[in-house]
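This report concerns aromatic contacts and pockets. Please consult the sequence and the structure shown below.

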Amino acid sequence: MKYLVLTVLVLMMSCSTTQQKEESQELPEKGFPFYMPKEKPAIKLSKAMERNYDAYMGIQPKYNELYSQFKYTELKGFDYNNHDGTITRRDPSKIIFENGKYYIWYTYRNTKTAPVGGKNAHLATDEIPSSDWDLCDIWYATSKDGFTWEEQGVAIKRPEKPAVGWRSVTTTDILKWKGKYYLYYQGFMEVSGLRGDDCPVAVSYADSPDGPWTPHSEVVIPNGGEGQWDQFSIHDPYPLVHNGKIYLYYKSDSGKGDDLIRLQGLATADNPLGPFTKHPQNPIINSGHETTMFPFKEGIAALVIKDGNEHFTVQYAEDGVNFDIASITELMPVAGGPFIPDAFTDTKDGRGITWGVSHLTNVTEWSKNHAILLRFDCDLSLDVDDQQMKKSQYYRKPAFYYKHGLSKAQKDRVEKQNKELLKNKN
């Protein structure tokens, strides 16, 4: 009996020791694991880690289908008159593939002089532009490979005064709807810069991407009412087909001077010629400089470029209206016009994008201001896994940083602060 009791005690002590070891082994697992779990762990998380699992499409950039770096390539086939500022190509449309080749449309200016600048808009004439997008027509080009382009000439010419766009037609984008083609664009009816970039949206249509284009002689998306955020302009019209309707995204400049902020809105229609109804929740994106959207899964993704609290982000809205940040990136394409095979299919399984064309404006000194077109490549696609595009940083030489040095006023401020510190110490 004595041995039985002793055996039981030994077993109990052994079980107790084993339980203590198991408990001690469990303790580290209550902290965050060394290898980040792909699924959200059932432990108390900080807001940052909650966001990492809930806000993005992957726990690291390499797993996030809506994260990418962007690579750029010089395009062949475009001449810029030795970059003297007299020729510009800017604000490319999205790219479509028809007739065995790629098509793109863009703002084209070929003037006697470079722009005089918005502050000197009063010096502009019928031959001298005020801005880079003044006195423009809409041209188009085609390509077999997306790198070398053949310019085809004018698609939309400025109409006679007083028709919409008589001063300049700019910033176009393409829609294909029920076998016909529609080009939406900004129609300037005064010199850009006199009051700002004031213009509504016009549209022309054709049976072929090569035209001829017939202008619809009415404004299809008017400016907002007095006091509204888009009261002066509707910029960058950008059509997609979603939920059986035409979703036309656009940008406007809200406020003036130092208070100016660029916001993005949405108008929808059942017919390409309208009427378009502006969404009651406008503006739907609080940042960005141009409109670049594409179908993604069941919703819409957006490249939010340059301006605002959420600049340099890729955003996503399942309903095409309520956008959330899906990733943060850098070196995004300015005025990107991507190739989107399913832009007009009303897909519920958008596959994303891998390349397109954008523009750059700081080619030479501002006295010769003009824009050039260039190709961008990325991996924002469900069908591609390019891990070179998923890296989260660029390495730059010191010279790049030194180019972003202090201005004279900033140097003077620092010098003043140093003098005040020395004075107070003495």
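How many nonpolar, polar and charged residues does the lining of the largest pocket have, by class? The lining has eight nonpolar, 21 polar and 14 charged residues. The model discussed here is a predicted one.

## The largest pocket

The volume of the largest pocket is about 1000 Å³. Its lining comprises 43 residues, and those closest to the pocket centre are W133, S192, D197, D253 and R262.

The largest share comes from β12, which supplies three residues.

## The second largest pocket

The second largest pocket has a volume of about 390 Å³. It is lined by 14 residues, and L331, M332, V334, L360 and N362 lie nearest its centre.

Strand β20, which spans residues 350–360, gives the most to this lining, with three residues. By class, nine of the lining residues are nonpolar, four are polar and one is charged.

## Aromatic pairs

The structure holds 20 aromatic pairs. One of them joins Y247 and Y249, whose ring centres are 6.4 Å apart; because their planes stand at 50°, the pair is tilted. Both Y247 and Y249 are buried.

Another pair consists of F296 and Y316, with ring centres 6.2 Å apart. The planes of F296 and Y316 stand at 80°, and an angle over 60 degrees counts as edge-to-face, so this pair is edge-to-face. F296 belongs to strand β15 (residues 293–297) and Y316 to strand β17 (residues 313–317), so their pairing ties together parts that are 20 residues apart in sequence. F296 and Y316 are both buried.

## Aromatic cluster and charges over rings

Four aromatic residues, F97, Y102, F339 and W355, form one cluster.

## Summary of the pockets

In the predicted model, the largest pocket has 21 polar and 14 charged residues in its lining, together with eight nonpolar ones. The lining of the second largest pocket, in turn, holds nine nonpolar residues, four polar residues and one charged residue. Strand β12 provides the largest share of the lining in the largest pocket, and strand β20 gives the most in the second largest pocket.

Methods:
Residues numbered from 1 in each chain as written. Predicted model: local features only at pLDDT ≥ 70, side-chain atom pairs only at ≥ 80, totals over all residues. Heavy atoms only, no water. Phe/Tyr/Trp six-rings, centres within 6.5 Å; stacked < 30°, edge-to-face > 60°. Buried < 20%, exposed > 50% of the residue type's maximum accessible area, 1.4 Å probe, protein only. Helix = DSSP H or I, 4+ residues; strand = E, 2+ residues; numbered from the N terminus. 1 Å grid on protein atoms, 1.4 Å probe; cavity = no way out; pocket = protein on both sides within 12 Å on 5 of 7 lines; lining within 4 Å. Points joined across faces, edges and corners; volume = space filled by probe spheres on them. Nonpolar A, V, L, I, M, F, W, Y, C, P; charged D, E, K, R; others polar.
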